[in-house]
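Here's a quick briefing for anyone meeting this structure for the first time. Have a look at it, then read on.

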Amino acid sequence: AAAIIDLRSPMAASLLASASFAFLHAPIRPAAAQPLRPALFPRLAQPAALLLPEQLPSALVADSLLDSVGGVAAAGVGAVLLIALLAGKGNMASGAALMVLFLGGDPDERDASGANENKLLKEFALSITPSAWKKAYQGEGAEDGEPAALLDLPAWQGEEARELTEPEAVTCVQQMQLAPITVPSVGPVETCYLSLTPEAPAEAPPVMLIHGFDSSLLEFRYLTQPLLDAGLRVEAMEWWSGGFTARAPFTEAISAGKAEPWDLIREHQLAFWKRQLGDTKVTLLGASLGGAVALDFAATHPECVDRLILMDAGGESYAQPDPFLTSLAADPVTNLFQWRATNGLLPYPHVWAKEEGWRQALQAYLRSGGYQNRVSEPLIRTVPQPTLVLWGEEDDVLPVEDAFKYQEHLPDCVRVELIPDAQHAPALENPAYVADAIVRFATAADVREDTRQPQPA
């Protein structure tokens, strides 16, 4: 969903200018189309995100598009030429061109028009989604058998959460709490969080977890029990854009130009830390874009963080272009999120897409340009805590090379560990390894002398 057009070349910019009015300003309603030819679309780096393979010849792209969307008169010749031009630029640009073609327009108008109910795109997305992602992210097999009884949950968790059946997911939603936490810039924010205390506490700092963009505490559902079993207290909250935490206070302030997302998110994390832990330092873990959140928090508030874990973390790079272009493509990317929600293609179990203001929060974040405005190499070089870098060795969203950039730029990077059998979400794909790595690092009396080998996954 972070694949956004690269308009740096003058020719691309010119083509976009000539084609944009035709396909950016109204919902696209494709006519009946020929089936896509799967042979052109091998296993891709970003599942279900409508990306084309790198190095795919422009002629093949244009030919495939003409076969599959020949009836899209609104797109015009300029749009097809733009896509053909961008196809040779790699996954991000060519995937973005398809996304803009199919998903342009105002997000609210598009959703109301029913344009998100596109069977052709859904079939295409499913055809290129690897089985591992279907199982881990789309609940493969979850619909087999008789429907399970609905969970008895508070009203604030919505109807979709009541349909969960996976044991770890059920336990996680039942452990969630909701309470107002005062964020100085916006006032009280109804915040969803976990606070878990082990029966036999270890002599180690509590672990505070920060999930990724448009994610939730469910991201950590396979980790919490192993951490508790090791004697570690676990604290985590759902930050703006994700889960069941209220979005309106942040969205309104950001949309009005009164605050930046990263400042409010950092204030919220600090308020949560103070409420839950007083002045107790934590082992802080940030995953994916939550890694950028964690870096910002650790650098700004060293009094809160004893040690830091970055897991496939945004900061050295992001799965998006520069902030200006991210802002430019905010509406199409928001439409992609909504399209995936409408068609059941969001990461499993994504049970908060019907929460009030979900789409508007995503849109406001993207229009801000994102964390690239705040977290990059200069800030990374100021992070004082000893840091462990964990990275899925098959990460298909952020390059593995970023792990070693962190090793170079962090003042105190203890080590880098590549996680086997894992892509961009190791907490879901190889949780046994991740939990063991967290426990080893969090409980070590001296992290620099921790030479124990991880347990087999």
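What pLDDT does the chain average, and what share of the residues score at least 70? The average is 77, and 66% of the residues reach at least 70; pLDDT is the predictor's confidence in each residue, from 0 to 100. This is a predicted model, so local features need pLDDT of at least 70 and side-chain atom pairs count only at pLDDT 80 or more, while totals for chains, interfaces and linings use all residues. Residues are numbered from 1 along each chain as its sequence is written, and side-chain values use heavy atoms, with hydrogens and water left out.

**A hairpin**
- Strand 1 (residues 177-183) and strand 2 (residues 187-196) run antiparallel and share seven bridges. Two strands pair if DSSP finds at least two bridges between them; helices (H or I, at least four residues) and strands (E, at least two) are DSSP runs, numbered from the N terminus.
- Three residues make the hairpin link from strand 1 to strand 2, and Gln177 has Tyr193 in strand 2 as its bridge partner.

**What's tucked inside**
- Helix 15 (residues 358-367) is largely enclosed by the rest of the structure, because eight of its 10 residues are buried. Buried means under 20% relative accessible area, exposed over 50% and partly exposed in between, using a 1.4 Å probe and protein chains only.
- Among the buried residues of helix 15 are Trp358, Arg359 and Tyr365. Just after this helix, Gly369 has a positive phi of about 95°.
- The largest nonpolar core has 108 residues; such a core is a set of buried Ala, Val, Leu, Ile, Met, Phe, Trp, Tyr and Cys residues joined through side-chain atoms within 4.5 Å. Met176, Leu284, Leu295, Tyr371, Tyr406 and Leu410 touch the most other members.
- Leaving out residues up to four places away in sequence, Leu295 touches several residues, including Leu308, Val375, Tyr406 and Leu410.
- Ile265 belongs to helix 11 (residues 261-277) and counts as buried, at 0% relative accessibility. Beyond four places in sequence, Ile265 contacts Trp239, Trp240, Phe250, Val293 and Tyr371. Its C-alpha atom is 7.6 Å from that of Val293, 28 residues apart along the chain.

**Two Asp residues with positive phi**
- Most residues other than glycine have a negative phi.
- Asp312, with a positive phi of about 45°, is in the loop between strand 6 (305-311) and helix 13 (323-328). At 0% relative accessibility, Asp312 is buried.
- Asp421 has a positive phi of about 55° and lies in the loop between strand 8 (413-419) and helix 18 (426-429). Asp421 is exposed, at 57% relative accessible area.

**Aromatic rings**
- There are nine aromatic pairs. Rings of Phe, Tyr and Trp (its six-membered ring) pair if their centres lie within 6.5 Å; planes under 30 degrees apart count as stacked, over 60 as edge-to-face and the rest as tilted.
- Phe213 and Phe337 are edge-to-face, because their ring centres are 5.8 Å apart and their planes are at 90°. This pair ties together parts 124 residues apart in sequence, since Phe213 lies in the loop between strand 3 (207-210) and helix 9 (224-229) and Phe337 in helix 14 (residues 330-342).
- Phe213, Trp240, Phe250, Trp262, Phe337, Tyr365 and Tyr371 form one aromatic cluster.

Terms used:
Contact means heavy atoms within 4.5 Å.
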